[in-house]
Amino acid sequence: MSIDERKIRILQAIINDYIRTGDPVGSRTIAKNYNLGIGSATIRNEMADLEDMGYLEQPHASAGRIPSSKGYRLYVDKLMDNQRLTVEEDLRIKQYIIDSAMLEVDKIVKQTSALLSELTKLTCVIESPSVKKSFVKSIQLIKIDDYNLVSVFLTDTGLIKNHIMKLNSGVPPIETLMRINQVINNRLVNLSIEEINLEVINNLKKDLGEYEEIFNAILPVLYETLNVSNSSEVFLEGTTNIFNYAEYNDIDKAKEILSLFNDKESIMDLFNPSDNITISIGDENYKEQAKDCSIISAEYSFDDRPIGKIGLIGPRRINYSKVIAIMSEVIKELNNILSNQKI
């Protein structure tokens, strides 16, 4: 059985009504509230066909219908209208740009997560950039006292890593320290963490020459940075938002989603980021805890280079068009903020 234009209009009306109210939709509701030019008996027959075709579900024998994952997929791909931001949403995003302009990258990312959660009323998960995806912008050795230095690693994406280094022979004079900084930067700046290999380290050792203790002190710092370069911090905001939806008044569903939220690595595995926003709905999510969820995910970038993933988690019954509009605008502004940082 093919889905014709009339069935499509009925399906669209049911999904719009269900997203708005959260109540299963009956044929009388559609006949009364939507000018489709057909009576409730005809609508009821078409709804039965839509259920047979897998686009609708009936949660209880006497209840109306609700959209299935298949129904939502057709809606998202072909039926939903594009929504624009409200004046209030636009102003809130502009304020976010102002508030984020002078922050460090991790704080910008965390603030982005809070903003998306606030505007969409969903749970937001965002991955901070890993060092591995960044390039060395600057390395500075700074004197703390006569025997201690702090090494400050700055990447092109604004990430900062600090390490304390103890020198048994004492910290060299400031002029010498400046020359050492220049030698280190000449060798390492503009390399990614992946490119700082054994050959680079051996060349750095030759360049430092008589300053062997400096080299021996900075070497474990480089190794530590290399060893943690794959890790990224994951920020989770708005975990209680999902319980504002009636679907999660069920204690078993609540336990399932909480177990998912407690496993941030599993959440990141559910994301399918690309150049565009992607949406996985219900059964399209391979983890059992996410079978009743929709996950909207994307990448954010620095100078058009993807450096992290971002996603929203909610029930299948969400205002997809509004959520996509908000997410698109926030990611665009996040990319601009990161790329325009003066670091």
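This is a predicted model: local features need pLDDT of at least 70, side-chain atom pairs count only at pLDDT 80 or more; totals for chains, interfaces and linings use all residues.
User: Why is the contact between Glu46 and Lys7 called a salt bridge?

Analyst: The cut-off is a Lys or Arg side-chain nitrogen within 4 Å of a carboxyl oxygen of Asp or Glu. Glu46 and Lys7 come to 2.8 Å, N to O, so the pair passes. The two residues are 39 apart in the chain, with Glu46 in helix α3 (residues 40-52) and Lys7 in helix α1 (residues 5-21). They also belong to a network of salt bridges that links Asp4, Arg6, Lys7, Glu46 and Asp49.

User: What makes Glu46 and Lys7 buried or exposed?

Analyst: Buried means under 20% relative accessible area. Glu46 has 5%, so it counts as buried. Lys7 has 6%, so it gets that label too.

User: How many salt bridges turn up in the whole structure, and what links Lys322 to Glu89?

Analyst: The search finds 18. Lys322 and Glu89 form a salt bridge, with their closest N and O atoms 3.0 Å apart. That pair reaches across 233 residues, from Lys322 in helix α12 to Glu89 in helix α5 (residues 87-100). Both partners are buried.

User: Why is it said that Glu247 and Arg317 tie together parts of the chain?

Analyst: Their side chains meet in a salt bridge at 2.8 Å, N to O. Glu247 sits in the loop between β7 (234-237) and α10, and Arg317 in the loop between β10 (305-315) and α12, so the contact joins parts that are 70 residues apart in sequence. Glu247 has 18% relative accessible area, under the 20% cut-off, so it is buried. Arg317 is at 10% and therefore counts as buried as well.

User: How do you know that the length of helix α12 agrees with what it should be?

Analyst: Take its 20 residues (320-339) at 1.5 Å a residue, and the helix should span 28 Å. The C-alpha atoms at its ends are 28 Å apart, so the two values agree.

User: And why is α12 called largely enclosed?

Analyst: Because 15 of its 20 residues are buried, the rest of the structure largely encloses it.

User: Why is Lys121 called partly exposed, while Asn190 is called exposed?

Analyst: Exposed means over 50%, and partly exposed runs from there down to the buried cut-off of 20%. Lys121 is at 49%, so it counts as partly exposed. Asn190 has 58%, so it is exposed.

User: Why is Gly71 called buried?

Analyst: Its relative accessible area is 0%, so it falls under the 20% cut-off. Gly71 is in helix α4 (residues 69-79). Its C-alpha atom is 9.9 Å from that of Ile14, a residue 57 positions away along the chain.

User: Which residues make up the patch of negative charge on the surface?

Analyst: Asp250, Asp252, Glu256, Asp283 and Glu288 gather there.

Definitions and conventions:
Residues are numbered from 1 along each chain as its sequence is written. Side-chain values use heavy atoms; hydrogens and water are left out. Patches are made of residues with over 30% relative accessible area and no salt bridge: like charges are joined within 9 Å, nonpolar side chains (Val, Leu, Ile, Met, Phe, Trp, Tyr) within 5 Å. Accessible areas come from the Shrake-Rupley method with a 1.4 Å probe; for residues, only the protein chains shown count as cover. Lys and Arg count as positive and Asp and Glu as negative; His and the chain ends are not counted. The place of a charge is taken as NZ of Lys, CZ of Arg, CG of Asp or CD of Glu. Helices (H or I, at least four residues) and strands (E, at least two) are DSSP runs, numbered from the N terminus. The expected span of a helix is 1.5 Å times one less than its number of residues. Buried means under 20% relative accessible area, exposed over 50%, partly exposed in between (1.4 Å probe, protein chains only).
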